[in-house]
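Welcome! Take a moment to look over the sequence and the 3D structure, then try each exercise before reading its solution.

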Amino acid sequence: MNAQVPLKKQQPATDQEVDHECKASKTGAEIFVESLQNQGVEIIFGYPGGAVLPLYDALYRNPVKHILARHEQGAIHAAEGYARVSGKTGVVIATSGPGATNLVTGITDAMMDSLPLVVFTGQVATTVVGTDAFQEADIVGITQPITKHNYQVKNVQDLPRIIKEAFHIASTGRKGPVVVDIPKNIANAIFDSNAVEEATINLPGYQPTLHPNYLQIKKAVSLLSEAKQPLILVGAGVLAADASKELTEFVEKYNFPVVNTLLGLGSIDGNHELFLGMAGMHGTFTANMAINNCDVLLNIGSRFDDRLTGNLKKFAPNAKVIHIDIDPAEIGKNVPTEIPIVADAKEALLALLEQTFEVQDLTLWHEYLHECQEEYPLWYDDDGDGTIYPQYAVETIHRLTNGEATIVTDVGQHQMWTAQYYPFKKDHHWVTSGGLGTMGFGFPAAIGAQFAHPDEKVIAIVGDAGFQMTMQELALLKEFKLPVKIFILNNSCLGMVRQWQETFYEERYSSSLVPVQPDFVKLADSYGIKGYKVEKVDDMGAVFKEAIESDEPVLVDCRVKELTLVNPMVAPGKGLSEMIGVKKG
């Protein structure tokens, strides 16, 4: 007869054991949310779907502020606007298949303009990847050329490390987008309790150079000290490095004139006496002639893109070039470089400021540049018939905001007019799509900028065509009480396309005129938003003032003079000194 074995009395679990048991039962989706919180993520822009339901369920139970865009394109452009003005990494979530592919334009836009994003896409379960399952798309393959890096998570234990690495890659070196593709079964998988705390970055091949080489700095100083006609060209790299203060101190110390790229605007006060304006295709005459005639060109954080340089064979023909860039691939890529300096813009400027050197007498150089400004200022017609010229509309917005608002544009003529006629007083107050030139970018990017700076005045200056690409995001203004001001410079056409057709295609306006449009005021009203339509100069000032001073979202349909051109212009294939439309008449 077997002796009866007494049952062992179960002891109460210790707090440590309970904690371990809770952690051990977490799913990949829960670890996803915890990893975001560990990265300090405050806001996510996204759109749910089947493959990301586990992630959204975890977000519901462990809240991180989520903004439900009305289209994935709206979500990613909002994240770009958020990243541009805040300096933080924008975060996006979309489901597999069409949700992920709807993000491709925004990912490319962020890559071209060096904006830090981490984009999470859902994916079908790993067991059916490659079978053309419902809503399957190879987003890793699709985005490989348009991201800094991308991942597909194959093991739930890798998830914390991958997320940590994704944020590190996106926000360091030359910033940019990183895609993390998460299969649905990985999101549902049970996670080992210890891996979150133990997750470490392992990126031996990724070591961005932040500090400049001392000998290269000395060479740059030597060249600058010999220059009789020096020029500083400033791109978005200075803004990304938060180095506007150092830039201003450096140019003031040596009395160096400055020009900006489109994306570099705001890196120095737009009314500073050393600032010559934006350079490039629609730059000022003075800025372009400064590049054409300088003998030393110091480029800080610009990649010498074609809209800046015009014909490369004619670009800065007399200049020895010093190029500071955090991305070594950009140095010497387009323009031959005398002195390459791979470094973060702020670190390079600090190193230059540590040097003390004598410069040449620049009196004649400044006199020449001042004469250019006096003789060839920006200009536009005004026939006095009461119609609104778009340039005047931008000048009015500038006057009413004192140049201190956060300005976000779409792409086209209105973008160039804003760049020309809205001098920025502050850095990180200019948001636009530069490299990719994405229509539909402006309005959702303004939403992201307003989330980043809830107490700032955010103004979206858009065209009638581009606004219609993402206008469904009006719902967010009402839902979140975002006081974004939308000014539609409405010329009833695809303005820049039409300008090129007028200038280079003998006025054959093929599919560029848009005579049928929604009633934008009624559209705003349908979302519960104030709307105004203004057609005459006499009415414009009061409407603009009321809109800008309102603490609510407002849409203004501003009917501007049709067939207006952006001047001056460097035609394709021409050099910067061969501008057209330089002088009135």
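Predicted model: local features only at pLDDT ≥ 70, side-chain atom pairs only at ≥ 80, totals over all residues.

**Exercise 1. A pair of helices**

Describe how helix α14 and helix α17 pack against each other.

Solution. Begin with what has to be stated: two packed helices are described by the angle between their axes and the distance between the axes. Next, find the two elements: α14 covers residues 285–293, and α17 covers residues 363–375. Their axes come within 8 Å and cross at roughly 145 degrees. The crossing of α14 past α17 is right-handed. From α14 come Phe285, Thr286, Met289, Ala290 and Asn293, and from α17 they meet Trp365, Tyr368, Leu369, Cys372 and Gln373. Sorted by class, this contact has 7 nonpolar residues, 3 polar ones and no charged ones.

**Exercise 2. A helix and its cover**

Work out the span of helix α11, its buried residues and what covers them.

Solution. Start with the span. Helix α11 runs over residues 214–226, which is 13 residues. From the first C-alpha to the last it reaches 19 Å, close to the 18 Å expected at 1.5 Å a residue. Then list the buried residues of α11: Gln216, Ile217, Ala220, Val221, Leu223, Leu224 and Ser225. The cover over them includes helices α13 (244–254) and α16 (345–354), together with strands β10 (296–300), β11 (320–325) and β12 (339–342). Finally, check the start of α11: a side-chain oxygen of Asn213 comes to within 2.9 Å of the backbone nitrogen of Leu215.

**Exercise 3. Buried or exposed?**

Decide whether Thr396, Thr147, Asn185 and Gln207 are buried, partly exposed or exposed, and place each in the structure.

Solution. You need two cut-offs: buried means under 20% relative accessible area, and exposed means over 50%.

- Thr396 is in helix α18 (residues 390–401). Its relative accessibility is 1%, so Thr396 counts as buried. Beyond its neighbours within four places in sequence, Thr396 is in contact with Met540 and Phe544.
- Thr147 sits in the loop between α7 (139–143) and β5 (149–152). At 7%, Thr147 is also buried. A polar atom of the Thr147 side chain lies 2.9 Å from the backbone oxygen of Thr143. Leaving aside residues within four places in sequence, Thr147 contacts Ile107, Met111, Pro177 and Val179.
- Asn185 belongs to helix α9 (residues 184–188). With 28%, Asn185 is partly exposed. Not counting residues up to four places away in sequence, Asn185 touches Ala125 and Thr126.
- Gln207 is found in the loop between α10 (195–198) and α11. At 61%, Gln207 counts as exposed. A polar atom of the Gln207 side chain is 3.2 Å from the backbone oxygen of Leu203.

**Exercise 4. Distances along the chain and in space**

How far apart in sequence and in space are Asn185 and Asp538, and how far apart are Gln207 and Asp361?

Solution. Take the pairs one at a time. Asn185 and Asp538 are 353 residues apart in sequence, and their C-alpha atoms are 62 Å apart. Gln207 and Asp361 are 154 residues apart along the chain, with 41 Å between their C-alpha atoms.

Methods:
Residues numbered from 1 in each chain as written. Heavy atoms only, no water. Axes fitted to C-alpha atoms, helices over the stretch in contact; angles between N-to-C directions. Helix = DSSP H or I, 4+ residues; strand = E, 2+ residues; numbered from the N terminus. Left-handed = near helix turned anticlockwise from the far one by under 90°. Contact = heavy atoms within 4.5 Å. Nonpolar A, V, L, I, M, F, W, Y, C, P; charged D, E, K, R; others polar. Buried < 20%, exposed > 50% of the residue type's maximum accessible area, 1.4 Å probe, protein only. Expected span 1.5 Å × (residues − 1). Polar contact = N/O pair within 3.5 Å; in protein donor to acceptor, adjacent residues only side chain to side chain.
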